[in-house]
Amino acid sequence: VVAVVVVAVAASVALVIGAIASVGFVPVRADVAAGKTRFNAACGGCHDSADFEGENPQALAATLRRIASGELKHKKPLQLSDQEIADIAAYMSTGGK
């Protein structure tokens, strides 16, 4: 029974890693201070970070990724690296605190 569970977990991990690799997303460590700077430069003119307090940073990052790729309509185009997306999403989720 233990062997079956270990194999199932290993298969699940392999699927997640494969999915991440297939979309070109490489997990990065977020820098909230850098996110604040980039948010204020790219987003702060129209958005208030307090509106995003408590939101899931991964969900925010996914939305930012869709905006940056042009998949999601936005007032102005955004060019953001994976690192900038992670940083901004981490900052947004703090609500600017």
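This is a predicted model: local features need pLDDT of at least 70, side-chain atom pairs count only at pLDDT 80 or more; totals for chains, interfaces and linings use all residues.
1. Salt bridges overall. The model contains 3 salt bridges.

2. Arg38 with Glu84. These two side chains form a salt bridge, with an N to O distance of 2.9 Å. Arg38 belongs to helix α2 (residues 32–42) and Glu84 to helix α4 (residues 82–93), so this pair ties together parts that are 46 residues apart in sequence. How accessible are the two partners? Arg38 counts as partly exposed, at 25% relative accessibility, and Glu84 is partly exposed too, at 25%.

3. Glu53 with Lys97. Here the closest N and O atoms of the salt bridge are 2.8 Å apart. Glu53 sits in the loop between α2 and α3 (57–69), while Lys97 is in the segment after α4, so the pair ties together parts that are 44 residues apart in sequence. Glu53 is partly exposed, its relative accessible area being 42%. Lys97 is exposed, with a value of 70%; the assignment follows because exposed means over 50% relative accessible area.

4. Glu71 with Arg66. The side chains of Glu71 and Arg66 also meet in a salt bridge, at 2.9 Å from N to O. Glu71 counts as exposed at 54% relative accessibility, whereas Arg66 is partly exposed at 37%.

5. How α2 and α4 cross. In general, two packed helices are described by the angle between their axes and the distance between the axes. For α2 and α4, the axes come within 7 Å and cross at roughly 95°. The two helices are therefore roughly perpendicular to each other, since angles of 65 to 115 degrees are placed in that class.

6. Who meets whom in that contact. On the α2 side, the contact involves Val32, Ala34, Gly35, Lys36, Arg38, Phe39 and Asn40. On the α4 side are Glu84, Asp87, Ile88, Ala90, Tyr91 and Met92. By class, the residues of this contact divide into 7 nonpolar, 2 polar and 4 charged. Arg38 and Glu84 are among the contact residues, and their side chains are the ones joined by the salt bridge in point 2.

7. A question to take back to the viewer. Which parts does the Arg38 and Glu84 pair tie together? The pair links helix α2 to helix α4, and these helices are the ones whose axes cross at roughly 95°.

Definitions and conventions
Residues are numbered from 1 along each chain as its sequence is written. Side-chain values use heavy atoms; hydrogens and water are left out. A salt bridge is a side-chain nitrogen of Lys or Arg within 4 Å of a carboxyl oxygen of Asp or Glu. Helices (H or I, at least four residues) and strands (E, at least two) are DSSP runs, numbered from the N terminus. Buried means under 20% relative accessible area, exposed over 50%, partly exposed in between (1.4 Å probe, protein chains only). Axes are lines fitted to C-alpha atoms, for helices over the stretch in contact, and angles run from 0 to 180 degrees between N-to-C directions. Angles under 35 degrees count as roughly parallel, over 145 as roughly antiparallel, 65 to 115 as roughly perpendicular and the rest as oblique. Contact means heavy atoms within 4.5 Å. Ala, Val, Leu, Ile, Met, Phe, Trp, Tyr, Cys and Pro count as nonpolar, Asp, Glu, Lys and Arg as charged, and the others, Gly among them, as polar.
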